[in-house]
Amino acid sequence: MDPPFPAERGVDVYNKKLGMWVFLASEVMFFAALIGSYVILRFGAPGEWAKPGVVLNIKITAFNTFLLICSSVSMVKAYAAVSDGDIGKMRFWLLMTILGGACFVGIQVFEYIHLVERGFVPAGVREGSELAEMVAKGELPGATMGLYGSTFFTMTGFHGFHVTCGVISMLFLYLTKALPGKYTQQDHAGIEVVGLYWHFVDLVWIILFTIVYLI
Amino acid sequence: MRTLGSVAAVGGAAGLLVLLAWAPNTTPAPHRAAGATISGKIKLTGKPAASVNPEIDMSEESKCAAQYKSTPHEQIVMANPNGTLGNVFVYVKSGLPAGAKYPTPTTPVTIDQQGCLYHPRVFGIMVNQPLAIKNSDGLLHNIKAMAKKNRPFNISQPTNMTTDRSFSVEEVMLPFECNVHGWMHAFAGVLPHPFFSVSGADGSFSISGLPAGTYTIEAWHEKYGTQTATVTVAATGTKTQDFTFTAK
Amino acid sequence: MTTVAASPHTGHAHHDDRSFVSKYIFSTDHKIIGIQFLFLSLFFLLVGGILAMQIRWQLGFPGKPMPGGGILPQTMAPGGVILPEYYLQLVTMHGTFMVFFAIMLLLVGVYANFIIPLKLGAHDMAFPRINMASFWSAFVSGILMLSSLFVADGAPRAGWTMYVPLSARHDYSGVGFGQELWSISIIFFGLSSVLGSLNYITTVINNRAPGMTWFRMPLSVWALFITAVLGLLAVPVLAGAAIMLLFEQVLGTHFFDPSAGGQVLLWQHLFWFFGHPEVYILILPAMGLVSELIANGSRKPIFGYHSMVFAIVGIAFLSWIVWGHHMFVSGMNPTLGSSFMVTTLLIAVPTAIKVFNWLSTMWRGNLRFHTPMLHAIGFVTMFTIGGLSGIFMAATPLDMFIHDTYFIVAHIHYVLFGGSLFAIFGSIVFWFPKMFGRMMNEAWGKVHFWLTFIFFNTTFFPMHMIGMAGHMRRLYDPTIYEFLRPVQPLNVFISVNAFLLFAVQIIFFVNFWWSLFKGEKASQNPWEDNGLEWTLPNPAPHGNWETPPTVYRGPYEFSAPGVTEDYLPQNRKLPTDREPALSPAGH
Amino acid sequence: MNWWLPPQASNFAPRIDGMFTAILIITAIPFFLVEIGVIWFVFKYRGRPGQKGHYTHGNTRLEMIWTAIPAVTMVALGLISNSFWVQIKGRNSVPADAYPVGVHAKQFEWWVTLPGPDGKLGRTVDSLISKANPTGLDTTDADAKDDIVIRNQLHLPAGRPIVAYLTAEDVIHSFYVPEFRVRQDIVPGLHIKAWFVATVPGKYEIGCSQLCGLGHYKMRAQVTVHTQADFDAWAKEHAPQPQAGGE
């Protein structure tokens, strides 16, 4: 029950927002499990980890990261706009956010396709592929490529899944709430709540980008 | 929706797997048409090292150990007194008319686990022909079929019993092992046609019922590898083709 | 997902004009969802029991054809003789069903849903639709898990703890698709659990009726609240692990594959990091529910309410830093073992506080031995044994001997059956009138309790002994071992009593179904309890309250001086009570 | 049948059993306190119509007491058992003169390597593992020449420290000898040591106590503890034939 139904004072946060905070707590644990496993596996790995930038294309992903951060900013702008009661601006910035997220997913899919073509798969390196030759030449450490593939695709894959969910729910809000003008200066919980989720996803990506691509 | 979806998916997948595992074959027993025969002997030159067939310590399986007067040995190399080699799988590798279909026999091939060894150790079986896995020891054996092309299985038989299985695609050779008794190994040649044979105690084999043509024959031994030969046969009559393996 | 959270709920108890489907199947009413969970979890409780009976048959009479086993397919039990592969499936699925789908759903699914809003004086959960989603994903999860028994090569065979590499490699275990189904099912289960938890937490924080301050909340709500926090944070870890396991099977990843640098112990760390909070998810709510029953049955305020709350919080906190005690002999660094031992032993402290407080609650009470009270007393006595036997395995050197023996099996059954299940039986009887408007039959309820109590002990106590004799877990045929042949008669004894234990549960099921339709109509407050739920008609209407109740006192004001009855509902206004300060509307 | 712990046959057994008894006594106190308390209250305070319970919300001092006592006991217990734990499994607890034996677990067999006269175990290499050489013993290694490799049998000299080098080929197994009170999981990819002293000559059993698959219950080996003299005789008699360890 959302207030005004009279209730004992809880935290001064309305239910949907509180619910999202609570949900994000569980998301933190989920990613903590994946990232923690990655850290453990990488430190316990038999020998060298592949050098950054050899398998993964840092430039494209860096741009992708930039894109996601921008979409976070546009989300903030959308929220600011609706708080000022400027519905038109809110629509615009929400659309920008959706586009940013969609592009991110698109680029990630493109990146996956490219990696698989080069022979980088969750199981490690595909026989007879370009990367397999590099392993044979000793440019890549064969011993750890299996772990590399497993952790990379699992972590980035599930992040991508979260971004997709975010884009879908934002699109849903845009079509069912923003366009029909259901959001007002007083009532715009959806924007704020989905915004929280979006910033979280963004934050997770910055961590992933650092530990998976850069280090 | 999601509920129905996943349930249906699971159901479907389950059904599919079941079909794969237990595809029934009701084709009548083939009546082998008269045709050419390829027969011969598998010769063995040289003397295999004593260590080639290691001793088996069956002490913990008294039931099995009781069946042997002297210490049992593995039968990796079955060197016959007459200088021939047994347990060699000989089969037509290629040359058969493309697209020819051969009826699947319904009579099962039986592999018996007796005295903690597989009998036979090497055998041929046709695709979809039933394989009767028999446990005559009355103690736990597990049968692990380490198939690459077929669906692998790993089942157990805690007591006297028979389990039926079959294989859906050609696979030469398909190894079996028992993990409870690490020395137990067997090999099956799964073929889509009936033109195979295993050399016996006299080292001889014979493949009959072949239509006229030129065939590549392969002889396989679990330790000494494979040898091939090309043989041309007329509509009838017998061709002799020997193989010679060298003991290492 | 956030969009689902929108809840256009209008809390009007009168003119309930919902269609049958929206009322009973895709219902958003927390009470209906609780009842749906009740039927679902009781079903899985039955399934788990049936599997257990087959396990006991094989252990008591190894290799003998099982009566009625003939109906099982050749791949499970040819001629009724259970095969090792089927035995391992039984062991695995019994654990999985009982832990995840029976006990956990009964406590967290049924009572969190049914009790929290009622006891807090809320119209419904904070997010009714998420609540519904939580039930249906649990349902899907259960169906998937059940279906794994029927796919080719059957259900998983690696034990409910799914230790890799056995669970990760089909050629090691001989399992097929069933293994993947376990992981998929667990992922759905995780979703359900998280959706449920965030609902409970939000509701408890924000939707308490005026005057229902934190320390006026019933202990059951406290326990369920803390449990929800544990579930919220622990289950995602399991989901993550299950996903890795799934990828290991279908994508050929190498997380747990030592030949490619993966780490086998990683799974155990992830699993038990979830698994130990899970253990308390399975017992904390039971403790809370029992506190209600004991206070009501003793007609006395709960002894040391605050220390009870702090004990719950303490146990919950410790549960995060004890997971290693499942891994003392797993090859984990022994120094870690030392620290985990200390934290584990410390859990005995809050647990002891609770037990002593229950005991002192009965002290100088005016005890009413209704069925719920009997079950509550059963809980206290049996849980004490389970708790104390835990100290044996907490001591690392001793654990080296009894780990993975039947001593552990005995311990967990004393906690989960003697503990949780007694609390659940008691609670079902206690809240039955509020759920269905009828009473369960008291006489048969008492018979069921006593027979269960007796056969429970004759079944599980001897397990301590065969454990001391060194009886390993998950053995298909213990008589293979010379040192176990002497204890085989005890195995037979256990099996026979297990069958009897199962048989007497029929009394409960019959009583349950009979009372559902024929039980005597319940008065509004049949147990003379103080909880807000008892101020509602039976069964409670949709939306619970037309005007929210106002709370003036704690939940355990039994036998209060200056009141004629020996109970005092939380919302009855005495002349001395002041109105609570309301939170500003729309805070 | 035996209603108590199995016979003691290792240096650890007496102390572990001692702990068992000690904890049994410690736990017996609260056990009887609670159970007798419950029974007593059930009879003494059974409900009488028209009567009320005693109205109290608790007693802080009392609660302090029954918080403090368990806390102290548990910490003490922890410290005591930890000192012992360190002796059993501690990183450098293995005596220097311990007699090494290799125990290699695979579905569903135990392969034991005894060092032979030189008292040194030969190097083992996973890549060498084959049907003919189940432990992957590297025969080029000088120490390996006299190693004795046997299946499902473990022969030990009594009265001297033994250190078992535990390796697993496929899944997790667990080395467990009840009479020794010794249990250690064997994890693929890890090299784990377990040490003990077998004190009483005789025959015992190794059981696999970690679920390892279809044949788990059948994964059993015989332990024979000899007196030093018998052991040497046995070792001489089973000195490896040239082909021990395959070609």
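Helices (H or I, at least four residues) and strands (E, at least two) are DSSP runs, numbered from the N terminus. The model is predicted: local features need pLDDT of at least 70, side-chain atom pairs count only at pLDDT 80 or more, and totals for chains, interfaces and linings use all residues. Residues are numbered from 1 along each chain as its sequence is written, and chains are lettered from A and ligands numbered from 1 in the order in which they are written.

**View 1. Cis peptide bonds in chain B.** Strand β10 (residues 171–177) of chain B holds B:M173. The peptide bond from B:V172 to B:M173 is cis, with omega near -15 degrees. Another cis peptide bond joins B:H119 and B:P120, with omega about -5 degrees. B:P120 sits in the loop between β4 (117–119) and β5 (122–126) of chain B. Most residues other than glycine have a negative phi, and most peptide bonds are trans.

View 2. B:N87 is not a glycine, yet its phi is positive, about 55 degrees. The residue lies in the loop between α2 (62–65) and β2 (89–94) of chain B. B:N87 is buried, with 25 other C-beta atoms within 10 Å. A residue counts as buried if 20 or more other C-beta atoms lie within 10 Å of its own, exposed if 12 or fewer, and partly exposed in between, with C-beta atoms placed from the backbone. C:S559, not a glycine either, has a positive phi of about 55 degrees and is found in the segment after α17 (488–518) of chain C. C:S559 is buried, with 23 other C-beta atoms within 10 Å.

**View 3. The two domains of chain B.** Domain 1 (32–59 + 69–85 + 200–248) and domain 2 (103–192) divide chain B; the bounds come from an automatic or database domain assignment. Their centres, taken over C-alpha atoms, are 21 Å apart. Six residues of domain 1 of chain B are in contact with six residues of domain 2 of chain B (C-beta atoms, placed from the backbone, within 7 Å). The side of domain 1 of chain B that touches domain 2 of chain B has three nonpolar, one polar and two charged residues. Here Ala, Val, Leu, Ile, Met, Phe, Trp, Tyr, Cys and Pro count as nonpolar, Asp, Glu, Lys and Arg as charged, and the others, Gly among them, as polar.

**View 4. Packing of α13 and α16 in chain C.** Helix α13 (residues 371–394) of chain C and helix α16 (residues 442–468) of chain C pack at an angle of about 10 degrees, with their axes 9 Å apart. Axes are lines fitted to C-alpha atoms, for helices over the stretch in contact, and angles run from 0 to 180 degrees between N-to-C directions. The angle makes α13(C) roughly parallel to α16(C) (under 35 degrees; over 145 is roughly antiparallel, 65 to 115 roughly perpendicular and the rest oblique). Among the residues of α13(C) that meet α16(C) are C:T371, C:L374 and C:H375. The contact has three nonpolar, six polar and two charged residues.

**View 5. Contact between chains C and D.** Of the four pairs of chains in contact, chains C and D share the most contacts. Chain C supplies 81 residues and chain D 76 residues. Helix α12 (residues 348–362) of chain C gives the most to the side of chain C that touches chain D, with eight residues. By class, that side of chain C has 53 nonpolar, 18 polar and 10 charged residues.

Methods. Contact = placed C-beta atoms within 7 Å.
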